[in-house]
Amino acid sequence: MRAMILAAGRGDRLRPLTDTTPKPLLEAGGKLLIEYHLENLAKAGFREVVINLSHLGEKIRDTLGNGSAWELHIRYSPEPPGALGTGGGIKQALPLLGEAPFAIINGDVFTTYPLARLRAIKCDHSHLVLVPNPPHNPKGDFALQGGYVIENTEPRYTFSGISIYHPRFFDSAPTGSFSVVPMLQAAMALQQVTGQLYKGVWHDIGTLERLDTLRDHLV
């Protein structure tokens, strides 16, 4: 199984830090945010990693190189200014991700989720990792019922930004920039999205306040 880290976002809510530093290269606990993902992927047995790039993308490429420092092989998927969104970015990178199911990790989360679990999941379409709702998302995103992710049911949980997709999920995807969420919602209606709940450490680090919270956690 290959993995992709979504790292192309502008990070507007983290300005002014992201005016000069791409979000994945911000530090917490003495490491770059993206280093935690790379270390955890390597420990979980992943070897092939794709990272999409847009805002200040060359800084990410220059810092991480080919991934050998983590015993990984990193390939990059450059995107145009403004990036391609979660769905468009993944679709463009499909040739680098192979024909088997692949893992996706948002670059702006921190978690102790054991990524080796992803390698054991049989995914025919899509699979999401959900977490208990954080203070900034009290109503949650989706529910779990019988191992499937669904909408309009309680209790609802928050999408963690960790997922698995089979390449066929993107067979009917549009071109250009788009979000993956509407596609997931359509697939949920057909009971094609499986899921699990993770109750361990998970932080969304999309704002300055949440970044400070993570830094306090890692002291």
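Val219 is found in the segment after α7 (208-217) of this predicted model; helices (H or I, at least four residues) and strands (E, at least two) are DSSP runs, numbered from the N terminus. Val219 is exposed, with a relative accessible area of 87%. Here, buried means under 20% relative accessible area, exposed over 50%, and partly exposed in between (1.4 Å probe, protein chains only). Ala28 lies 191 residues from Val219 in sequence, but their C-alpha atoms are 8.8 Å apart in space.

The model is predicted: local features need pLDDT of at least 70, side-chain atom pairs count only at pLDDT 80 or more, and totals for chains, interfaces and linings use all residues. Residues are numbered from 1 along each chain as its sequence is written, and side-chain values use heavy atoms, with hydrogens and water left out.

Rings of Phe, Tyr and Trp (its six-membered ring) pair if their centres lie within 6.5 Å; planes under 30 degrees apart count as stacked, over 60 as edge-to-face and the rest as tilted. This rule gives 6 aromatic pairs. One of them joins Tyr36 and Phe110 edge-to-face, at 5.0 Å centre to centre and 85 degrees between the planes. Tyr36 belongs to helix α2 (residues 33-43) and Phe110 to strand β7 (residues 109-111), 74 residues apart. Both Tyr36 and Phe110 are buried.

Phe102 and Tyr165 form a tilted pair, 6.4 Å centre to centre with 45 degrees between the planes. Phe102 lies in strand β6 (residues 102-106) and Tyr165 in strand β11 (residues 156-165), so the pair ties together parts 63 residues apart in sequence. Phe102 and Tyr165 are buried. Ring pairs link Phe102, Tyr165, Phe169 and Phe170 into a cluster.
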